[in-house]
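Please read the following briefing alongside the sequence and the coordinates.

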Amino acid sequence: KHMKRHQKPYACTHVPDCDKRFGSKNDWKRHENSQHIQFQFWRCTECVKDKGRPNVNVLCGKIFHRRETFRHHLDKDHGINDTHTVEERCTGCRNGRNFKSHFWCGFCQKTIKFTKNDGLVCSERFDHIDDHFMGKGGLKYDIFDWKSIE
């Protein structure tokens with residue numbers, strides 16, 4: 001525990017905007033919760049053709065901060081305009097305020113759905129990312145391995 005204070009294995013996951021490092025999980029959590037309030041956004045999970053490789057599909061991945069803008073994107077860019085399908089995408093692609101339904105893990109490089117529904121979802125996010133920082137599950141990651149959602 002003492003060595004963690006010196007090594008500062010925890011780092012703000014809002015990089016490249018913030019380069020702060022921390023010697024304790026609590027200090028890291030406090031920083032992110034107080035300095036980087038998360039607002040809801042929608043991340044498109046539709047597949048598109050890779051411009052350089054026409055036979056390869058890649059994730060669209062565009063981010064929208066308004067539901068209507070995301071709905072418009074689905075219609076114009078992906079041809080999805082069926083009301084039921086659009087609503088499914090709006091629900092499934094939404095990352096809620098302070099991670100109410102999913103969160104992005106830059107180590108896994110995917111959106112993670114919460115398994116608990118007990119009001120402690122933010123703790124679940126921090127525990128998941130902490131496992132990566134501490135090397136639980138085999139691989140230990142540093143913040144330099146983190147891939148931003150954008």
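Does T13 count as buried or exposed at its relative accessibility? At 6% relative accessibility T13 counts as buried, where buried means under 20% relative accessible area, exposed over 50%, and partly exposed in between, computed with a 1.4 Å probe on protein chains only. This is a predicted model, in which local features need pLDDT of at least 70 and side-chain atom pairs count only at pLDDT 80 or more, while totals for chains, interfaces and linings use all residues. Residues are numbered from 1 along each chain as its sequence is written, and side-chain values use heavy atoms, with hydrogens and water left out.

**Surroundings of T13**

- T13 sits in the loop between β1 and β2 (21-22); helices (H or I, at least four residues) and strands (E, at least two) are DSSP runs, numbered from the N terminus.
- The side chains of T13 and R125 are joined by a polar contact of 2.8 Å, the term denoting a pair of N or O atoms within 3.5 Å, of which, within protein, one must be able to donate a hydrogen and the other to accept it, and for which residues adjacent in sequence count only if both atoms are side-chain atoms.
- When residues up to four places away in sequence are not counted, T13 touches W28, E32, R125, I129, I143 and W146, contact meaning heavy atoms within 4.5 Å.

**Cysteines**

- Zero disulfides are found in a search of the whole structure, a disulfide being a pair of cysteine sulfur atoms within 2.5 Å.
- The cysteine sulfur closest to that of C60 belongs to C44 and lies 3.8 Å away, so the two are too far apart for a bond; C60 is itself buried, with a relative accessible area of 19%.
- C90 is likewise in no disulfide, the nearest cysteine sulfur being that of C93 at 7.8 Å, and C90 is buried with a relative accessible area of 0%.

- K8, although not a glycine, has a positive phi of about 50°; K8 lies in the loop between α1 (2-7) and β1 (10-11) and counts as partly exposed at 37% relative accessibility.
- Q109, also a residue other than glycine, has a positive phi near 60°; Q109 belongs to the loop between β8 (102-105) and β9, and its 46% relative accessibility makes it partly exposed.

**The loop position T115**

- T115 is located in the loop between β9 (110-113) and α5 (121-134), and with 69% relative accessibility T115 counts as exposed.
- T115 and H102 are 13 residues apart along the chain, and their C-alpha atoms are separated by 9.5 Å.
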